[in-house]
Amino acid sequence: KEVYMEKRKSAKEIMELLIRIINKYHSLEKIPVKYGPKSNLYHSERHMIDIIGDNPRMNMREFAAAVGVTRGAISQVVKKLEEKGVVRRYKKSINDKEVFVELTKFGQEIYEEHKKINEETIIPLCRELEKHADEKVEFLIGFLTWINRFLDLSREKMKEHTRQRG
């Protein structure tokens with residue numbers, strides 16, 4: 001029973017830390033970064049540019065799955081990026097239903113610049129991971145993967161709960 005209480009305490013601490021991390025991550029979204037004379041890009045837009053640049057042949061459905069959000073959310077970000085002249089949507093003649101996205105010349109320039117920034121940004125994380133045994137790093141990746149799936153399941157349960165109450 002004592003071990004159970006310790007695990008329960010640890011689980012609560014992990015959840016609280018995750019919530020703080022998520023809140024801090026969301027606060028990044030509110031800070032625009034200037035690209036060019038008239039383009040401010042928010043974190044989700046820069047992230048979308050990275051995904052489009054890294055996966056130039058993905059359609060909108062695949063982007064949504066890769067990011068872990070709805071197609072509607074992806075569509076909104078893409079629309080903002082289109083308005084800023086960063087991406088363009090197109091359809092292939094083979095399947096008129098599938099919508100694809102590609103970077104414009106301006107978008108490609110932002111992608112290349114942001115790629116360099118990302119490489120610099122990840123250096124402290126790499127240094128921290130180097131301090132730990134591979135097994136610990138693998139555990140962390142596995143645990144974060146589990147949390148990702150857990151949040152997907154939680155979202156589905158919340159939707160179901162809402163449907164039952166509605």
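Q: In this predicted model, what share of the contacts with a separation of 6 or more comes from residues 24 or more positions apart?
A: Count contacts by their distance along the chain. Here, residues 24 or more positions apart account for 42% of the contacts with a separation of 6 or more.

Q: Which elements does the protein have, and in what order do they run from the N terminus?
A: Read helices and strands off in order. There are seven helices and four strands. They run α-β-β-α-α-α-β-β-α-α-α.

Q: What radius of gyration does the protein have, against that of a compact globule of 166 residues?
A: Set the value beside the globule rule. A compact globule would be near 15 Å, but this protein has 20 Å. The C-alpha trace spans about 60 × 45 × 30 Å along its principal axes. Of the 166 residues, 20% count as buried.

Q: Which residues of helix α3 are buried?
A: Look for residues under 20% relative accessible area. In α3, residues 60-67, these are Met-60, Phe-63 and Ala-64.

Q: Why do the buried residues of α3 line one face of the helix?
A: Look down the axis. The buried residues fall within an arc of 100°, so they line one face. They pack against α2, α4, β3 and β4.

Q: What caps the N-terminal end of α3?
A: Check side chains at the helix end. Asn-59 does the capping, with a side-chain oxygen 3.1 Å from the backbone nitrogen of Arg-61. Just after α3, Gly-68 takes a positive phi of about 90°.

Q: Which residues have the most contacts inside the largest nonpolar core?
A: Met-48, Ile-49, Phe-63, Leu-81 and Val-87 do, in a core of 20 residues. Elements giving two or more residues to this core are α2, α3, α4, β4 and α5. Ile-49 touches residues including Leu-41, Leu-81, Leu-103 and Tyr-111.

Technical notes. Residues numbered from 1 in each chain as written. Predicted model: local features only at pLDDT ≥ 70, side-chain atom pairs only at ≥ 80, totals over all residues. Heavy atoms only, no water. Buried < 20%, exposed > 50% of the residue type's maximum accessible area, 1.4 Å probe, protein only. Arc of directions from axis to C-beta. Contact = heavy atoms within 4.5 Å. Polar contact = N/O pair within 3.5 Å; in protein donor to acceptor, adjacent residues only side chain to side chain. Core = buried A, V, L, I, M, F, W, Y, C linked by side-chain atoms within 4.5 Å. Rg over C-alpha atoms; globule rule 2.2 N^0.38 Å. Lists of a residue's contacts leave out its neighbours within four places in sequence.
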